[in-house]
Amino acid sequence: MGPSQQRWKITGVLIALVCLPQASIGLYLPSLPHMINDLKTNASEIQLTLSLYMVGYALSTLCCGFLSDRYGRKPVILWGLSIYVIASLCCLLAPNVWILIIGRFFQAVGGCCGTVVARVIAKDLFSQKAQIKTLTYLSTAIALTPAIAPIIGGGLEVTFGWRMSFILLVTYSSILWVIIQLWVRETNQQPLKKIGFQSILGNYKRLLTNRLFLAYSLAISLAWCAYYTYIQTSSFVFQTVLGISPIVYGFLYGVVIVGYIVGTFFTRKFSNDIGLNRVILIEGTLAFVSASIMLTLALGGINTVWSIILPMVLLMVGVGGIFPACQASVMEPFEEIAGTASGLFFFLQMISGAICGFILGTIHVRSSLPMIITIFLSCLLLVVSFYILIWREERKGKTLAA
């Protein structure tokens, strides 16, 4: 097998890895309102299956980064997938919502390790230019998964019920474990000899006091808050408030994700010409303008499917471009602790989503307004913080140099 074929094979495996967490969310989104009756619970408790998933996601990304620096990329992925398969079986057989919540938490702890480690493997194997291409492929795949998964999940819900989604996830993750065991070699050629608690804290301190790391972490976290708010709340807004079916909801979710795909293409096409920072500022501004339109329509009493969907498509163009741009920018200054940097970066992103989820879970969904206001505030803070931490400082540097 030639180098080009080998590169595409590895890229395909990395895509399968990063799609697993997204499939774990998207497949059962159309089932959320219907699981309430089946598990004899309420909307707030069902939403905890998403919020606690995000907490597990955050912890997974935090730990898997430095564990992959110490023990290697492949063992961390295989152990993570093993945990994921067991947790998915618990979700499948859950007799009540609390077993489901626990299963979802450990699903994330195990399955989400690929989010960090896949990107670190790309850094291990590819040049920076090839990394950006690979990261945009991963981001596009991450975007396509939630576009396709809710459609499949809606069909499974109508035909078989929500447990069939977890049968599909068990099958997918088991096959992926076998492929990685057989096809993927270890890419960490210089693993750390030991991981000391003081060393970990020292690395975290170094990262959290670095302006660039904070700026890119904050940008992707706020972009994720806007996106995650839609993920957690839209199923109830569209199905319970606006009265559409699970299958139609799945297709509408896919329409929104088209914007995300366009955003990843924009970053891939123009990042080398105009720079990643300009890409982030442009796409962040687009997201803010789109959120402002959506909020204006809602406050004006226009509360329809398309008054939400159309601005959300534009907003997701911004989010889709910001994700790979931030991911490519944040690890460059920290090559010797790339796993730790990537892990902390994604921890901050996911824990931000979890906090949003807990707040939204306390609000009974009677209209689209809480969802829209949260999205608007996330986009506003994104633009303001990135301008202050990166763009203004960059302008200052150029002025002083002149």
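A polar contact of 3.0 Å joins the side chains of S235 and Q239, a polar contact being a pair of N or O atoms within 3.5 Å, of which, within protein, one must be able to donate a hydrogen and the other to accept it, with residues adjacent in sequence counted only if both atoms are side-chain atoms. The model is a predicted one, in which local features need pLDDT of at least 70 and side-chain atom pairs count only at pLDDT 80 or more, whereas totals for chains, interfaces and linings use all residues. Residues are numbered from 1 along each chain as its sequence is written, and side-chain values use heavy atoms, with hydrogens and water left out.

S235 is placed in helix α10, where helices (H or I, at least four residues) and strands (E, at least two) are DSSP runs numbered from the N terminus. With a relative accessibility of 0%, S235 counts as buried; buried means under 20% relative accessible area, exposed over 50%, and partly exposed in between (1.4 Å probe, protein chains only). When neighbours within four places in sequence are left aside, S235 is in contact (heavy atoms within 4.5 Å) with L29, P30, L32, P33, T240 and Y249.

The protein is divided into domain 1 (1–183) and domain 2 (210–401), the bounds coming from an automatic or database domain assignment. The C-alpha centres of the two domains lie 20 Å apart, and the contact takes 49 residues from domain 1 and 46 residues from domain 2. The area buried between the domains, that is, the accessible area (1.4 Å probe) that two parts lose on being put together, summed over both, is about 4000 Å², of which carbon and sulfur atoms give 72%. Seven residue pairs in polar contact, both residues at pLDDT 80 or more, are found across this interface, but zero salt bridges, a salt bridge being a side-chain nitrogen of Lys or Arg within 4 Å of a carboxyl oxygen of Asp or Glu. On the side of domain 1 that touches domain 2, the elements that give two or more residues are α2, α3, α6 (113–125) and α7 (128–159), and the largest share, 19 residues, comes from α3.

The largest nonpolar core has 134 residues, of which Y227, Y230, L315 and I375 touch the most other members; such a core is a set of buried Ala, Val, Leu, Ile, Met, Phe, Trp, Tyr and Cys residues joined through side-chain atoms within 4.5 Å. Helix α10 (residues 211–241) gives the most to this core, with 17 residues, and both domain 1 and domain 2 give residues to the core, so it lies between them. Beyond its neighbours within four places in sequence, Y227 is in contact with P146, Y253, I257, Y260, M316, V319 and F323.

T115, in helix α6, is buried as well, with a relative accessible area of 4%, and its contacts beyond four places in sequence are V18, P21, Y57 and F346. The C-alpha atoms of T115 and F266, which are 151 residues apart along the chain, are separated by 22 Å.

K40, in the loop between α2 (32–38) and α3 (43–71), counts as exposed at 75% relative accessibility. Most residues other than glycine have a negative phi, whereas the phi of K40 is positive, near 55 degrees. E332, in the loop between α13 (305–330) and α14 (338–361), counts as partly exposed at 47% relative accessibility.
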